[in-house]
Amino acid sequence: MQTLKKLWLPLVCIIAIYLMSVDPSLTEIFAGIGVFLFGMIFLENGFKGFSGGILENILTKWTNSKIKALLFGIVTTILMQSSTLVTIISISFLSAGLISLAQAIGIVFGANLGTTTGGWIIAGVGMKMDIATIAMPLIVLAIVLVFQKDKNIKSLGHIFAGIGFFFLGIAYIKSGFEGYKDALDLSAYGSGSPKDLFIFVMAGIIITSIVQSSFATLTIIISALSTGTITYDNALGLVIGTNVGGVVTALVASFGSNLEGKKLAITNTIFNLIIALISLIFLSYFKSIVNLISDLSGISDQDYALKIAVFHTFYNALAVFIMTPYIQVFVKFANTFIKSKKPADMDAPIYLNPNIIDYPMTATQALINEVKHLYDNVFSVIAHSLGFSRSDICANLPKDTLLAKKWYSDQSNVNDLYHHRVKVLFDAIIDFSTKAQTHINQESFIKISNEANVSARNLAEATKNMILLEKNLKNNATSPNPHIAQEYNLIRIQIAQLLAKIESLKFLESGEYQKIVEILKQERKALKQFDKHALNRVEKIIIEDKVSANYATSLLNDIAFASNMGTEIIKAVSKIYKISWLMQNQQEAENAEHKEEILDDLEHE
């Protein structure tokens, strides 16, 4: 299998070179597809250059309803001319936790409709005029802009280059089919029979899967149709296959995403399969509706290229119209039947996805969300190791009530939980931020990702301290010696109250950052006071000979572990709120030095 994977690319190249060497028309077709896809790469890079905030801000603020999500998908696909790219972006943003599954589905539905503009461009412009004359000036202008220093101007240059190469590719493909129509006449398979239709649907799926662009496949279809190489019925089958084949790239991209990304990719696949099946069953009715729309629009009966554009638009518009009211049904289906197969006690990153590295704001938010995910895991691990349930701690119960609760029972020990629920996320955060920093050359991102790394390390260190403390804590909190039991239960209560106070910070408004800082500062002071008083109490019971020297030294070590654990948690939480505040107030970041200093001082007290 591995040998086949290594050989397929050289084999494809050898076959393509051979075919081009025996037929100049094939050379033009293959060159056109290559130039076209080269244009797509430029166009994608151009829009990614603008994505340092514009696209992400629009996405997070203007997709909070079905209509807005649909419009976002339509508009961005019209601009980028790639429903696949928009779907991949949606998977990335969904994986990063910036949008919900319902919002992402709405965007993908809109992208399917937005991609239909490609057919109109090809049929209405590409087949009616020599668009190579438009392509060349655009490419020349693009070269001038790409060599400028300003990032936005460079990005604009990439977009112009993408459009120019799009048009040049269309011209080559059109010219190639004009010279190739006599050598390859597929119109004999245009009977419209189910067998012929199935062949061309499968061909559309395969071609789109290979070139990974429905726009490119539409160009091939309309070029072949315009030169008579295929019939109108052939083209209809190819268009249906193109829509289905367009999901392949998104499915492949979802392999590197989290569970939510996989849900979206599979939902998108189901969406396209359903409408393809409907269109095949009712194809004769679809053709009649297309003829009616064409007549009303003044499109000639023989202008099959424009009729294909009409069919492609009607096909996708009907799909969106039928499916949009059932977005929540898709969400429910995905949540019910698409589940993680990882072991119950083994966690995995929720928000980190290599595909979002191209989007600095999204990558930053994903990193923050993953650190918060890590904190939640650490909270649960420490709470259970203290013998408390998370709900009891969050309820902020009086200490006597809390201690009266039965010791929380968990089959896993804290060392296993550390490796399965903490270290796995810590490693992923460090790996993601390190790779992202080599890709995103932005001072603000590097600063925030470094803060996130430190916070993750603090949380990992806090859990390590719990590993050292757990055994003695559980054994001695129920010791027959009341003085030993009292000290260990005070440790339990002190850490539980710290966790409860930190949990309460979530209910403060984001604008109350200064208040959060002060609360954390007070908790740090309270922890130091607890440490000091505990040492005094231990000295007293030693003097009074109420504990042995062996128990006393062990207790002193455990107090130190507890104190270190609390300190690491406070440091981590201070970093989390710090980077969250910086993200929400980027425009004020230059004036935030005094607030950052407060938290930095907090770490060194």
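Ile-210 is exposed, with a relative accessible area of 63% (exposed means over 50%, buried under 20%, partly exposed in between, with a 1.4 Å probe and protein chains only). The model is predicted: local features need pLDDT of at least 70, side-chain atom pairs count only at pLDDT 80 or more, and totals for chains, interfaces and linings use all residues. Residues are numbered from 1 along each chain as its sequence is written, and side-chain values use heavy atoms, with hydrogens and water left out.

**Surface around Ile-210**
- Ile-210 lies in helix H10 (residues 194-211); helices are DSSP runs of H or I with at least four residues, strands are runs of E with at least two, and both are numbered from the N terminus.
- Together with Phe-198, Ile-199, Met-202 and Ile-206, Ile-210 makes a nonpolar surface patch of about 500 Å².
- Such a patch joins nonpolar side chains (Val, Leu, Ile, Met, Phe, Trp, Tyr) within 5 Å, from residues with over 30% relative accessible area and no salt bridge (a side-chain nitrogen of Lys or Arg within 4 Å of a carboxyl oxygen of Asp or Glu).

**Helix H18**
- Helix H18 (residues 360-386) has 27 residues and spans 39 Å from its first C-alpha to its last, close to the expected 39 Å (1.5 Å times one less than the number of residues).
- Because 23 of its 27 residues are buried, H18 is largely enclosed by the rest of the structure.

**Whole protein**
- The protein has 26 helices and zero strands.
- Of its 605 residues, 51% count as buried.

Technical notes:
Patch = residues over 30% accessible without salt bridge, like charges linked within 9 Å, V, L, I, M, F, W, Y side chains within 5 Å. Areas by Shrake-Rupley, 256 points an atom, 1.4 Å probe, with all protein chains shown as cover.
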